[in-house]
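Open the model in your viewer and keep the selection panel handy.

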Amino acid sequence: MKPVAPAPVTSPLLQVENLQVAFSTRHGVVTALHGIDIALESGETLGIVGESGSGKSVTSLAVMRLLDRAGRITGGRVRFEGRDITHANHADLRRLRGSALSMIFQNPRVALNPIRTVEQQIVDVLAAHGRLSRANARTQALDLLRAVLIRDPEARLGAYPHELSGGMCQRVMIAMAIACEPALLIADEPTTGLDVTTQQTVMELLARIKAERGMAMILITHDLGLAARWCDRIAVMEAGRVVENGPTEALFEAPQHPYTRRLVAASPTRRSTLADLAPEAPPVFAVPKVLKAGTPPLLELVHVVKSFGGPTRAVDDVSFRLPPGGALGLVGESGSGKSTLSRLICRLIDPDDGDIVFEGQSIARIPAREFHKSPFRRDIQIVFQDSHDSLNPRHTAFDSIAHPLRRLEGLRDGAALTERVRDAANRAGLPMALLERFPHQLSGGQKARVGIARAIAPRPKLMVLDEPTAALDVSVQAVILQLLDRLRREDGIGLLFVSHDLNVVRMLCDDLVVLQAGKVVEAGPSQAIFQRPQAEYTRTLLDAVPYFDPQRRHAFSVPTAEPLSIAAKNA
Amino acid sequence: MSEMAIGRSGTGRHIAYVLRSNPVTAVAAAGTLLLVLIAAFAPMLVPYDPVASNVPHALEPPSSLHWAGTDQLGRDILSRIIAATRLDLVIAVSAVSLSFVVGAVIGGFCGYRGGRLDRWVGRFVDVLMAFPLFVLAMALVAALGNRVENIVIATAVINLPFYIRFARAEVNVRRNAGWVEASRACGDSHLSVVLRVLLPNVLPAMAVQISLNLGWAILNAAGLSFIGLGVTAPTPEWGIMVAEGARFITTGKWWLVALPGLALMLTVLCFNLLGDGLRDILDPRMRT
């Protein structure tokens, strides 16, 4: 598909024409990009959205000519400031990279050199492009840190990456990326993995720097909310093709391509319900629950305290209760103690004080190292945040799901075990054909299903879900959320849903508990908290969630000068 | 793109792929198989009795009757080389298995638990490694007695520190992985996490160490025999054959030393080359 904008008088800053990229693999040559057309004017922000495997990152790497050895540009052209750089030699590329084209990556901690200080790394970039006057190298580095609004920049100069938080590392990356005043900055998922409030500040910073310096930016993201909020134009990618391309408002308000429509439908807005997100999913048949009066809560926490040595408590006097078959959301940012709390409830670690009561019986007194012998081990299962990390790389999907059945129910290999594994896989929506695969042969969504199937295999009464959808694409997230809701309503499994995303929690859970620094700051019915948050912290969290809302553009992203493409159209 | 890369492949197909893409591994595997067969069927393969002396035919160079020549007592060298394969392989394999099993378990627990146990075992290993290892092996055999079992024990002990350190390091980087925690939620005790979850995952990396060590263990056993410890005179063993033949090398009787030495060298080479291939075969992540 050709760019929507008519050809402007001057050539655009970046023009990608019919770009094709192929990778040679063990199974022959795989085409990653089937002819991409993208154009970007200076000062403009282009969002490239799409789900994993759609070729977003390959596009940016191909533009930067940073493809690894297996990847090759097999056709098309990349023009930058009118020059064809598709086959530029290494010397030219080195001059371009950093000084004209710059890039920031998804995981700033990995992208920074762990054994060099922040100052050294910034100076390296300046020196590589001959922009350094040795005398004031330090001043230049300091100015850059000030530009990215790092608190106490003098002290940060001597810091190593591991001494900085994720958000700070990303600021340092941005400082390095803008050090040589590039004309184009490519940001590949710059906020993925950061807390929502940090996400917000990093994006505000990027937009501000972009506006101040007149840079153009390509924002690569899987998050439509983020793209809608910060980008002027959007290119939607699916399976190596740009399926739709246009100004943000027009594109999201009236998506043309079926894939864009599906993406838009799957992105949670402030008002969407689980049923809205994945309309094709079969309806949930709720078994009416009759709770007798006086039924003890499924789970009750009473003044639970946990610290890992040191003065701060990871979990500080937390109490809440969860009725049988209920769904409770635990919301907070990293460091709020929500993961510690989920491990305490699963009895993988011991609390320092307080009580954990499961179906009327205290389980806090059973030491974590003995808990595998307790009958409650079966009843409380957990689904971990990183579905890849939580699957044993030497186990096939079948073995992973069979693991709790072998250990907790003493089932031996045979028809009974196979039956139970297949049943669990079936309820988790995992195709039987995938049971023989190893984790690295499964996609993210499939691994999440294996993790859920493993948790429901021993037929637990309580499932603790530690951010089970954080690493998933929106369409997969929608399906997984619906699956969890179904398990709860049809099988009566109580859910404790741990997440940083208030909006997702709102759709799945009746009640929620907001945690900050190990303490409960707010608790109550999710709808009420969502509509009328009482605590300041809850309000901050709510504001930071990048809902998908095409109307809600940020002030900083309104361009100071109209981009050429729009100007040309108006003329 | 990802759908294409994902394809179920059986273990047989995977091994075939590894061998095809890495011909050196295939050669090493074939060599190792040949060695095992020779060791297993040695009594049937030898053209002469390896210990029967035939003094009139002593020190004959290689000929059509005696392909590798004869030694100072007229014994057929080829028969002795073939007969020695079994003893040398048994010593090497049992010594390495012993140190692997003991080392992996101790190292696995140290890596998983950390703390005081880890520190004490770590210091003990440091002390063990501070000795010249061959001298330690000599001392052990001398103290325990000149028998095959004791060569095995001595070789196992001097290998032990490497396995403990290796297993400790490999387990240590994995102990905080999500799947370790997940297996505890699935009902594994700490003991079963180490033995049934962590150690199997460490195995591919250790396979390289094992095969390198097999070669080294054979050299060690041969070295002990060479200096007169361990296996004693009439028994065919590569180390003894080299030691006894060394006296004759100055008079131009090269075959007494060269041919057992060559057998030793090729065996060690085979094991060393096998290492990398073995890791690729054992690691399911290499299957795509």
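Domain bounds here come from an automatic or database domain assignment. This is a predicted model, in which local features need pLDDT of at least 70, side-chain atom pairs count only at pLDDT 80 or more, and totals for chains, interfaces and linings use all residues. Residues are numbered from 1 along each chain as its sequence is written, while chains are lettered from A and ligands numbered from 1 in the order in which they are written.

**Stop 1: colour chain A by domain**

Select residues 1–100, 183–267 and 548–571 of chain A together for domain 1, then 107–181 for domain 2 and 299–544 for domain 3. Now look at where domain 1 of chain A touches domain 2 of chain A: 13 residues from domain 1 and 16 residues from domain 2 take part in the contact. Two residues are in contact if their C-beta atoms, placed from the backbone, lie within 7 Å. Helices (H or I, at least four residues) and strands (E, at least two) are DSSP runs, numbered from the N terminus.

Which helix of chain A gives the largest share of the side of domain 1 that touches domain 2? Helix 8 of chain A does, with seven residues. By class, the domain 1 side holds seven nonpolar, five polar and one charged residue. In this count Ala, Val, Leu, Ile, Met, Phe, Trp, Tyr, Cys and Pro are nonpolar, Asp, Glu, Lys and Arg are charged, and the others, Gly among them, are polar.

**Stop 2**

Two strands pair if DSSP finds at least two bridges between them. Strand 4 (residues 71–80) of chain A is joined to strand 5 of chain A by two bridges; zoom in on F80(A), which stands opposite R83(A).

Axes are lines fitted to C-alpha atoms, for helices over the stretch in contact, and angles run from 0 to 180 degrees between N-to-C directions.

**Stop 3: two crossing helices**

Move to helix 4 (residues 118–128) and helix 5 (residues 137–147) of chain A, whose axes come within 9 Å and cross at roughly 105°. That makes helix 4 of chain A roughly perpendicular to helix 5 of chain A, a term for angles of 65 to 115 degrees; under 35 counts as roughly parallel, over 145 as roughly antiparallel and the rest as oblique.

Show side chains here: E119(A), I122(A), V123(A) and L126(A) of helix 4 meet A137(A), R138(A), Q140(A), A141(A) and L144(A) of helix 5. This contact divides into six nonpolar, one polar and two charged residues.

**Stop 4: strand 11 and its partners**

Select strand 11 (residues 299–306) of chain A. Five bridges join strand 11 of chain A to strand 12 (residues 315–322) of chain A, antiparallel, with K306(A) opposite V315(A). Five bridges also link strand 11 of chain A to strand 14 (residues 353–358) of chain A, again antiparallel, and there V302(A) stands opposite D355(A).

**Stop 5: bring in chain B**

Chain B has 12 helices and zero strands, and its C-alpha trace spans about 75 × 50 × 30 Å along its principal axes. Where chain A meets chain B, the contact takes 31 residues from chain A and 26 residues from chain B. On the chain A side, strand 2 (28–40), strand 16 (380–383) and helix 15 (397–408) give two or more residues. Helix 15 of chain A gives the most, four residues. The chain A side has 11 nonpolar, 11 polar and nine charged residues.

**Last stop: colour by confidence**

pLDDT is the predictor's confidence in each residue, from 0 to 100. Chain A averages 84 and chain B averages 86. Among the elements of chain A, helix 15 has the highest mean pLDDT (94) and helix 22 (residues 564–570) the lowest (36). In chain B, confidence is highest in helix 5 (residues 77–113), at 93, and lowest in helix 1 (residues 2–5), at a mean of 35. For the model, ipTM is 0.77 and pTM is 0.78.
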